[in-house]
Amino acid sequence: MYEQFNFIIEFLGMISFVMSGSFAAMQRRLDPFGVLIIAFVTAVGGGTVRDLLIDVPPFWLNDLWYLYMILAVTLLSMIFKSVETDFKVTLFVFDSFGLGLYTIVGIQKGLNAHLDPIICITLGTITGCFGGILRDILLNRIPLVFRKEIYATACIVGGSMFLFLKEYTSFPYVPIHLFTIFLIVAIRILAVKYEWEIPKFYLPKNER
Amino acid sequence: MYEQFNFIIEFLGMISFVMSGSFAAMQRRLDPFGVLIIAFVTAVGGGTVRDLLIDVPPFWLNDLWYLYMILAVTLLSMIFKSVETDFKVTLFVFDSFGLGLYTIVGIQKGLNAHLDPIICITLGTITGCFGGILRDILLNRIPLVFRKEIYATACIVGGSMFLFLKEYTSFPYVPIHLFTIFLIVAIRILAVKYEWEIPKFYLPKNER
Amino acid sequence: MYEQFNFIIEFLGMISFVMSGSFAAMQRRLDPFGVLIIAFVTAVGGGTVRDLLIDVPPFWLNDLWYLYMILAVTLLSMIFKSVETDFKVTLFVFDSFGLGLYTIVGIQKGLNAHLDPIICITLGTITGCFGGILRDILLNRIPLVFRKEIYATACIVGGSMFLFLKEYTSFPYVPIHLFTIFLIVAIRILAVKYEWEIPKFYLPKNER
């Protein structure tokens, strides 16, 4: 049963990142195959790096479902786009959901491989952030993760909360997952909405 | 016998990408070692990612031939350059041949690993495109693959044709390879020459 | 005993790259978590690619020491920064030391895996250069390695010297390591100080 729940979360994360990737690519006016490739890289980038690091086969290599789903969702997003117009908000919302979902997926896969909690948070952050970083590098955008707003911070805070709840409380499996995913998405969205920033104590006072 | 034929194709692809990498690097006035590194990354980038994904040792790691050949061809391209001048055309032609040859090599390696056809096309596209993407990112150029002209599309079309011919016809091994390589190179060159573009149906009519 | 010596060298290399990564990130005014991520990528990037290529687990995955050390040194560099100001020199010096230390670590790991010397030099160059390349790509800087001054050349020259001394002389283990590390750092620093350049024989005479 947990298997299926994990699969659903990974799946929703993948769809979110396909959407964010294809919208970013359409914004740059790539042709449909270019859009497909950016969507693919955004959706599988983080998980692939994670799987290479822990030496398991990349998750999309032996299960055709993923590729078909990426194809279908990319096509849908193209059709949807010819109606809709506000790129920026759509991209941002899907990117936030992908971030939350993939971070928790990454941590869970680290735990399954019996790795230390702090390594698991690292893997979760890689899984959550890396697809978006690749997308932004390929499209020659300044990576979202390195702009002013809170981004990776959301992964690290949400991931730590996830591990704390798992280790020190007896809440059941599913609510812990849902709550921490929600937490990451909420931090990210609120951070952008209210322009939260972490104080940069290393800058001279007048430059902060 | 097929072994040797595959080796020759991989070899020609490698030489093409070494040429395209070293010409791109010389255009940016890198010093000879910088040129060598860009040539190396362009030539082995796509195949290395493919080999990491299907979990076989990177093809250049246990066979010195590849490294010596990269060294020799890079040196030759530097000497050739001091005579010749038109960077752009040379780079483009070699990049196109590398693309065609490496795509088919990648698909064939996927088939050898008993992967599903659609995964094989993905691997072929990665093998064909990734070296050039790395080259362009490292040199701070807008990746060829993401400019207006048909690029990845050529890989996907040629790769599908390759699998179709293999599966549903009884043409012999070598002609199928040669024909589809030629097809990819031809699509790419004609697309640039005649400025073919795939319609972007998701853009508002006046922006296409 | 050699084990411990190798560990110390890797460790010092890691600290150097953490410093160079966090200083580069602070220069770009990233928030503390952004600084941490850049420091992490710079410190583990080269070694991780090397470990993936020779198919051993990434060195930081099963030994928490590395992550704790990266955390601690990043924090220290932030505190240190709020006192000190000259980014450029600090970044450059630490990057040079990291380059020398990591190159030799990479070659040694290649030798341990019984790979051919020329492949070992390639792995050493990848280990030394790749973290810095990733740092510069993520921060949208022109990679140090591709500017005019001697960079990868230092790795290749120092690495060749290392293998020559190992193979053809009977100097003991530790001095060979220390001398070649010193050699790489010295070449790099002198090259920048005196603006050494390798002649680009492939450029027309008036453009060299």
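Buried area is the accessible area, taken with a 1.4 Å probe, that two parts lose on being put together, summed over both. The structure described here is a predicted model, and by this definition the area buried between chain A and chain B is about 2500 Å². Carbon and sulfur atoms give 76% of that area.

**Relation of the chains**

Two copies of a chain are related by a rotation about an axis and a shift along it. For chain A and chain B, the rotation is 120° and the shift along the axis is 0.0 Å, and the superposition has an RMSD of 0.0 Å. This is the relation of a three-fold axis. Within chain A, the C-alpha nearest the axis belongs to Leu52(A), at 4.3 Å.

Chain B and chain C are related by a turn of 120° with a shift of 0.0 Å along the axis, again with an RMSD of 0.0 Å. In chain B, the residue that comes closest to the rotation axis is Leu52(B), whose C-alpha is 4.3 Å from it.

**The interface of chain A and chain B**

Contacts here involve 28 residues of chain A and 29 residues of chain B. Only 11% of the interface residues of chain A are also interface residues in chain B, so the two copies meet through different surfaces.

What is the count of salt bridges between chain A and chain B? The count is zero. On the side of chain A that touches chain B, the elements giving two or more residues are helix 2 (32–53), helix 3 (64–83) and helix 5 (117–138) of chain A. By class, this side of chain A has 20 nonpolar, four polar and four charged residues.

**The interface of chain B and chain C**

In this pair, 28 residues of chain B are in contact with 29 residues of chain C. Only 11% of the interface residues of chain B are interface residues in chain C as well, so these copies too meet through different surfaces.

Helix 2 (32–53), helix 3 (64–83) and helix 5 (117–138) of chain B are the elements that give two or more residues to the side touching chain C. That side of chain B divides into 20 nonpolar, four polar and four charged residues.

| Chains | Buried area | Given by carbon and sulfur atoms |
|---|---|---|
| chain A and chain B | about 2500 Å² | 76% |
| chain B and chain C | about 2500 Å² | 75% |

**Aromatic pairs**

Over all chains, the count comes to 24 aromatic pairs. In one of them, the ring centres of Phe7(A) and Phe11(A) are 5.3 Å apart and the ring planes stand at 35°, so the pair is tilted. Both Phe7(A) and Phe11(A) lie in helix 1 (residues 2–27) of chain A, where they are four residues apart, about one turn of the helix.

Technical notes
Residues are numbered from 1 along each chain as its sequence is written. Chains are lettered from A and ligands numbered from 1 in the order in which they are written. This is a predicted model: local features need pLDDT of at least 70, side-chain atom pairs count only at pLDDT 80 or more; totals for chains, interfaces and linings use all residues. Side-chain values use heavy atoms; hydrogens and water are left out. Copies are superposed by least squares on the C-alpha atoms of residues with pLDDT of at least 70 in both. Contact means heavy atoms within 4.5 Å. A salt bridge is a side-chain nitrogen of Lys or Arg within 4 Å of a carboxyl oxygen of Asp or Glu. Ala, Val, Leu, Ile, Met, Phe, Trp, Tyr, Cys and Pro count as nonpolar, Asp, Glu, Lys and Arg as charged, and the others, Gly among them, as polar. Rings of Phe, Tyr and Trp (its six-membered ring) pair if their centres lie within 6.5 Å; planes under 30 degrees apart count as stacked, over 60 as edge-to-face and the rest as tilted.
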